[in-house]
Amino acid sequence: MSLYRKDFFGLRDLTAEDISYILSTAETMKYILNQKNKKAPHLQGKSVIILFYEQSARAKLSYELAAQHLSANVVDMTNSAHTMERESLQDMGQLVDQMGADFIILRHPMAGAPRLLAECVEASVINAGDGYNENPGQSLLDLLTIKERKGGFEGLKVAIVGDLIHSRVSKSNIWGLTKLGAEVCVSGPPTLLLPEIEKFGVEVHYDAREAVNNADVILTTRMRLETHDKTFLPSLDEYKRFFRIDHNLLKYAKKDAIVMHPGPIQRGIEISDGVIDSPQCIINDQIANSVAVRMAMFYILSQMGGGLV
């Protein structure tokens, strides 16, 4: 299988069969998590290094728990990464590698950083988010949640609404969903949509009502308020008026449509309070799947000395 390579960079280079195999493995890991003893021996004696150059408490915790449930030794070097910023990523990676690391979990503000690191270390590198490129772990837990709720992907209509320029998980989700047979529509302010995004195999709508019309799944992005200025977004109120997921917008979707968000959610901005607190919003399901997905990533990477491309 093309799955068996050293590192895991993203969904763009995976096949539909690869992604399905990861999801089925994650379902097996959920079985382990439902036992009283949540320990499995698959990473016994292995070392996992957490190296986050960007803060994300949720993602870091899920990787730590996943590794611990598989009996690995976990070392969080996030603080060291911040205090050693003058040291190059390659030097930092080689330092960790020479200490016997088996896995390096990297989150970095530069797109392509995991590939750069993987070229100079023997450890398996897992991309936990690189710049505005991809966030495969978050995408896979989204896909697992959709699969559980909808039973599959063929024939599903999925709307992705919001800021697609700065949302790396949206890019991963587009790659994954289209390969698995879903119809993907995107919508957002023109300044926050990727240039030539149609080449991703999606339909583009500048009216969110058209994007969510008859949708089975609605994925919204996190607005990075710290990066938005008037170049991208004239007014936050204008964004909320046209692109916030509220009950008025949900009227256009299917009655059993589900609403998802990568977190942490900003109430009233990306999604209205009424929708967040409704049964249609399944953010808790996404969080519940986060550890099982990371366990599956570790497990597959550990098999046969190889891993995911």
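How exposed is E27, buried or partly exposed? E27 is partly exposed, at a relative accessible area of 32%. Here buried means under 20% relative accessible area, exposed means over 50%, and partly exposed lies in between (1.4 Å probe, protein chains only).

A word on the source. This is a predicted model, in which local features need pLDDT of at least 70 and side-chain atom pairs count only at pLDDT 80 or more, while totals for chains, interfaces and linings use all residues. Residues are numbered from 1 along each chain as its sequence is written, and side-chain values use heavy atoms, with hydrogens and water left out.

Side chains of opposite charge can pair when their charged atoms come close. A salt bridge puts a side-chain nitrogen of Lys or Arg within 4 Å of a carboxyl oxygen of Asp or Glu. The model holds 14 salt bridges by this rule. One of them joins E27 to K147, at 3.4 Å from N to O. E27 sits in helix 1 (residues 16–33) and K147 in helix 6 (residues 136–150), so the pair ties together parts that are 120 residues apart in sequence. Helices are DSSP runs (H or I, at least four residues), numbered from the N terminus. K147 is partly exposed too, at 24% relative accessibility.

Helix 6 also supplies R149. R149 forms a salt bridge with D285, with the closest N and O atoms 3.1 Å apart. D285 belongs to helix 12 (residues 283–302), so this pair links parts 136 residues apart in sequence. R149 is partly exposed at 42%, and D285 is partly exposed at 27%.

Other pairs follow. R209 and D207 meet in a salt bridge at 2.8 Å, N to O. R209 is partly exposed, at 42%, and D207 is partly exposed, at 25%. R267, D273 and D277 form a network of salt bridges.

Now return to helix 1 and helix 6. Their axes are 10 Å apart, and the packing angle is about 75°. Axes are lines fitted to C-alpha atoms over the stretch in contact, and angles run from 0 to 180 degrees between N-to-C directions. The two helices are therefore roughly perpendicular, a term for angles of 65 to 115 degrees.

Which residues of helix 1 meet helix 6? They are I19, I22, L23, A26, E27 and K30, and they meet L140, L143, L144, K147 and E148. Contact means heavy atoms within 4.5 Å. The contact residues divide into seven nonpolar, no polar and four charged.

Note on methods:
Parallel < 35°, antiparallel > 145°, perpendicular 65-115°, else oblique. Nonpolar A, V, L, I, M, F, W, Y, C, P; charged D, E, K, R; others polar.
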